[in-house]
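Subject: Structure handover

Hello,

Here is the structure for you to take over. My notes follow below it.

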Amino acid sequence: MKKIEAIIRKSRFEDVKNALLEADIEWFSYYDVRGNGKARQGRIYRGIVYDTSSIERTLVSLVVRDKNVEKAVQAILSAAQTGEIGDGRIFIMPVDDAIRIRTGERGDIALYNAEQEQ
């Protein structure tokens, strides 16, 4: 199992959500986050200079079985990529165990319903 965390543009979240759902990745969490990026210059909008050193992004977090890692990553990449600086990052980390609280099932089976084998 792997945990995937993707920091993406807020404007691309709906596209990423739809791409994950199309890839049969139905369970994920997301959070509004702020962070610092490489861009340090101010942006001018209607004559007002805005500081862009602190940027708003969305953090999408999901845990998938090993066989679904690549399709989840490709779904995020295809939906989040604009080709401009600030598209974000994807992090992939190992997960030692998962436990379904309701049934006590452990491991991969805790991530999906066995009756609906994916």
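The buried residues of helix H1 (residues 13–22) pack against strand E1 (2–9), strand E2 (29–36), strand E5 (54–64) and helix H2 (69–80). Helices (H or I, at least four residues) and strands (E, at least two) are DSSP runs, numbered from the N terminus. This is a predicted model: local features need pLDDT of at least 70, side-chain atom pairs count only at pLDDT 80 or more, and totals for chains, interfaces and linings use all residues. Residues are numbered from 1 along each chain as its sequence is written, and side-chain values use heavy atoms, without hydrogens or water.

In H1, Phe 13, Val 16, Ala 19 and Leu 20 are buried (under 20% relative accessible area, 1.4 Å probe, protein chains only). Seen down the axis of H1, these buried residues fall within an arc of 130°, so they line one face of the helix. The arc is taken from the directions from the helix axis to the C-beta atoms.

Next, the helix pair. H1 and H2 pack at an angle of about 150°, with axes 8 Å apart. That makes H1 roughly antiparallel to H2 (angles over 145 degrees between N-to-C directions, on a scale from 0 to 180). Axes are lines fitted to C-alpha atoms, for helices over the stretch in contact. H1 contributes Asp 15, Val 16, Ala 19 and Leu 20 to the contact; H2 contributes Ala 72, Ala 75, Ile 76, Ala 79 and Ala 80. Contact means heavy atoms within 4.5 Å.

After H1 comes Asp 24, with a positive phi near 65°.

Best wishes

Definitions and conventions: Buried < 20%, exposed > 50% of the residue type's maximum accessible area, 1.4 Å probe, protein only. Parallel < 35°, antiparallel > 145°, perpendicular 65-115°, else oblique.
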